[in-house]
Amino acid sequence: MNRTLQAILWAVLALPLIASGDAKPLAGETQAAAVPAYQPRHYPFDGGEKAVYYASWNGILSMATAEIYTTPQWIDGKKFYNVRVEARTSKLLDFIWKMRDTITSTIEANGLKPTRFTFSQRENSKVIDTVAHFDRSTKKWSVRRDERHKVIQYEFDQPINTLDPITAIYLARSQELKVGDHLFFHIFGGKYRYLLDLEVERRETVSTRSGNIDAFKIVPRIKNVEKQGYAERLYEAAIWISADERRIPFMMTSKIVFGSIYVEMVPENPASQPTAAKVVENLS
């Protein structure tokens, strides 16, 4: 339960790296050297954002919530984006598995370059704090992972263009998207490093509580670059991102052994908690 729920909560921010399930392979010709250094085209989050998501089982049973805050900040004449994600299980699920996780990312606005990443895990009795810094002069990540009974510290500079997962999804949101595109990113989550492939599968209209949304359906796939074979991933996962200038990730689904998990963005003025959205029209 815990690994599945973790994956679902973070998947809306392109964190399928801690998911469970069988992997769907990346294209065989995709190699580490093929991952480009993307340059941002748009800044839909430039003025700051706040988004709240509900995770539910089969669109009925509430499982967890996640709140995401994006705040612009100027430091020594440079602009940065501070992103903070707070995820917590529902009171009902707390009896089975209690989670209070927080991740943060500091991103330099010029080129959307990573600076600092933290992941605070509070899951039942498990307490892990990961802090990572990127040194632009040496192009190295320095990581400190405190597991309470032991502390792991290490540096890495390969693969090149490695990003924290928050920076990766914000960089993906900054790109021009069209059906058939694949966006590739090297990402890490504090312990392992992965090659992430975001495939823009199609464009369609999705019916939500706040109305119909013109959206891109994106399918995430990952490969562990440190081990043989493919990393675990969500069962038949998909992420929907609005096709307007805001590029908002507003829904995610994943099949599990019994039914499906839905993650939906709460409308700005919700009458009640959202229910599972549905695709009403295929535009491609």
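Visitor: What makes the contact of aspartate 94 with arginine 100 a salt bridge?

Guide: The closest N and O atoms of aspartate 94 and arginine 100 are 2.8 Å apart. A salt bridge is a side-chain nitrogen of Lys or Arg within 4 Å of a carboxyl oxygen of Asp or Glu, so the pair counts as one. The model is predicted: local features need pLDDT of at least 70, side-chain atom pairs count only at pLDDT 80 or more, and totals for chains, interfaces and linings use all residues. Residues are numbered from 1 along each chain as its sequence is written, and side-chain values use heavy atoms, with hydrogens and water left out.

Visitor: Why is arginine 100 called partly exposed?

Guide: Its relative accessible area is 24%. Buried means under 20%, exposed over 50%, and partly exposed in between (1.4 Å probe, protein chains only), so arginine 100 is partly exposed.

Visitor: Why are aspartate 244 and arginine 246 said to meet in a salt bridge?

Guide: Their N to O distance is 3.9 Å, therefore within the 4 Å limit. Aspartate 244, at 31%, and arginine 246, at 40%, are both partly exposed. Elsewhere, salt bridges that share partners join Arg122, Asp129, Arg144, Asp146 and Arg148 into one network.

Visitor: How do you know that strands E5 and E6 pair?

Guide: E5 (residues 113-123) and E6 (residues 126-135) run antiparallel over 8 bridges. Strands are DSSP runs of at least two residues, numbered from the N terminus, and two strands pair if DSSP finds at least two bridges between them, so E5 and E6 qualify. Serine 120 has aspartate 129 of E6 as its bridge partner, and aspartate 129 also forms a salt bridge with arginine 122.

Technical notes. Helix = DSSP H or I, 4+ residues; strand = E, 2+ residues; numbered from the N terminus.
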